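Reader: I am new to this structure and would like to learn how to read its features. May we go through them one at a time?

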Amino acid sequence: MCGIVGYIGPRSCASILVDGLRKLEYRGYDSAGLAILDTRAMSAGEPAKLNVVRAVGKLSHLDDALREHPLVGSVGIGHTRWATHGRPTEANAHPHLVGEVAVVHNGILENHVELRQDLIARGRKFSSETDTEIAAHLIDIELANGAKTLLEATKNALSHVRGAYAIAVVSRKEPDVVVVAKSFSPLVVGIGEGETFAASDVPALLAHTRDIIFLEDGDIAELRAGGAKIERLLVHGDGAPERFTVTPVVRTPKRVDWSPSQAEKQGYKHFMLKEIFEQPAAIENTLRGRVVLETSDVDGTEIGLSEEAVKKIRRVVLLACGTSHHSAIAGRNWIESIAKLPAQVELASEFRYRDAIIGEGDLVVAVSQSGETADTLAAVRDAKRQGATILAIANVVGSAIPRASDAALYTHAGPEIGVASTKCFTAQLAALLLLSIWLGRRRGSLPEARAQQLLQGLVEMPSHMREVLEHAEICQKVARRQIYTPEARDCLFLGRGLSYPIALEGALKLKEISYVHAEGYAAGEMKHGPIALIDSQMPVIVVAPKDQHYEKIASNVQEVCARDGRVIAVVTKGDTSIAAVAQDVIEVPDADPDLTPFLTVLPLQLLSYYAADLKGTDVDQPRNLAKTVTVE
Ligand code: M6R
């Protein structure tokens, strides 16, 4: 979700900034840019110049642009973008230069719509679609209105914004300063010998310093070559006598001892493991600005359907492939039970080659992490041609599927590097549940009290997910004992209701990264065939949280045990009956039955990860697979 860097010191900084961005390219590579202060003319009494170079695409394009337009100076900021607001164009690339200031930003300003309208009403002209440009205007206005320093102008400006940000700012008016600030998005400051750095992440700094200050939410810092002055900005609610207060803080640098590759993975052995642990934050990002607890509703502005259009929907058809298909199955169940709309889920690769009946009155929901999967894209184009309304649920902003759709609900889970999808799966679940609630409220099928329960449960979900992840070592032990054994050549995953797509997802994860054969099955179907496979060597992973299917799946567990199968059960904390017969039990916190998938999938991802790691497979880039499947 974007990487930012900053430098102030004696050295020429263009290559320092670009090298830093290269280490952050995993955070996004839709576009990149630098803003550098050229102070050469100052000795002759001229003001400093603030020069910006930006390019669309990977950093190599910025390299080319810098060869054509070299930037001179030793104070600057840089950015590599993963598009959220606005397409990946040069106009939307950072840094955003407004008047006296240039700004780079990682995050999302939630109140960008009202701020932009207000600024336009005050005569401000925008040259991009980004929320970041709003921050640049606000700071520029503060400087024009007499703020004495860039730090003061930035503090005043930030007191007007809500949301997540890590920003870095430079100004022609104060060319010996870089101001940085953090709220929710990551930001670190590196302390060197007579030079100071800033970056979204430690790897960008390791070539220059290992003395790192990890800024905390609310921190704002004035960086000079000699070090950092840090303050804590506390913005008060409307009506408070003071808009905000500021207190100086001391943050002592920590000496980090990471190798560069470890650092990119933030100490995790693989990107997949890092992304598994990023899931609570990914869900928070998906929910940010969309859950409206005050009205027990969802802000569905992006869904782009009028109340009247919602009433005309006759059916929802969910199209997806792979892991996204599994989240779509859960989405189908929620749309049926919450929005009370007929819903069906289709593998895009099959749907597009059928003579499927689709057209007006159908809302097609295309689910895709990459937004580029060829089969899903073709199915979407086909459905659109036949008159259906298309809503994309995608992670990569500006990708082909959202572009081919009528509207897009982005998951904002951040870049997913591991080929095996994890955090984007749970982020898709969150987006699909939000959609179901939004539809249900508009169709009158979801009572306010139930909507409130679901939304409250969603908001609390990240902390329950963290609780499961804190006990990851249990999954490691179970993987070693049950799956990484010479006998366990096949595994069966069983679930019912919302746990059925979780069983499918658990089996897919195990297959794709550990190369162990696995089947996901609806537990009620076991007796129609797969039960023949069960013997004392067959691990059967049963997803059995406390919900309306619990008793039925408990009976399936008994059937497996009666045939000497080895049951590994994912159950709700405090379960005693399945726990009494299963060989291994992994507990998840108690949750609303509609929300259990967010929790039960975590142990399955971890089991697969640890089984693959024990086998020594290439976890992040498993054989024969590609992250984005753009072939048919
Ligand atoms: O980018 P998409 O969500 O459209 O990708 C769909 C599948 O290719 C993808 O989910 C694939 O199954 C992953 N490797 C699963 O981990």
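Reader: How many residue pairs are in polar contact between domain 1 and domain 2?

Author: This is a predicted model. Between domain 1 and domain 2 the count is one residue pair in polar contact, both residues being at pLDDT 80 or more.

Reader: What area do domain 1 and domain 2 bury between them?

Author: The two domains bury about 1200 Å² between them, and 65% of this area is on carbon and sulfur atoms.

Reader: Which residue forms a salt bridge with Arg288?

Author: A salt bridge requires a side-chain nitrogen of Lys or Arg within 4 Å of a carboxyl oxygen of Asp or Glu. Here Glu110 is the partner of Arg288, and their closest N and O atoms are 3.5 Å apart. The count between domain 1 and domain 2 is one salt bridge.

Reader: Let us turn to the ligand. Which residues are the closest to the ligand?

Author: The ligand is surrounded by 14 residues, of which the closest are Ser324, Ser368, Ser370, Thr373 and Glu512. For Ser324, a polar side-chain atom lies 2.5 Å from an oxygen atom of the ligand. The side chain of Ser368 has an N or O atom 2.6 Å from a ligand oxygen atom, and for the side chain of Ser370 the distance is 2.6 Å.

Reader: How much of the ligand does the protein bury?

Author: Taken alone, the ligand exposes 410 Å², and the protein buries 91% of that area.

Note on methods: Residues numbered from 1 in each chain as written. Predicted model: local features only at pLDDT ≥ 70, side-chain atom pairs only at ≥ 80, totals over all residues. Heavy atoms only, no water. Buried area = accessible area lost by both parts, 1.4 Å probe. Polar contact = N/O pair within 3.5 Å; in protein donor to acceptor, adjacent residues only side chain to side chain. Near = heavy atom within 4 Å. Areas by Shrake-Rupley, 256 points an atom, 1.4 Å probe, with all protein chains shown as cover.
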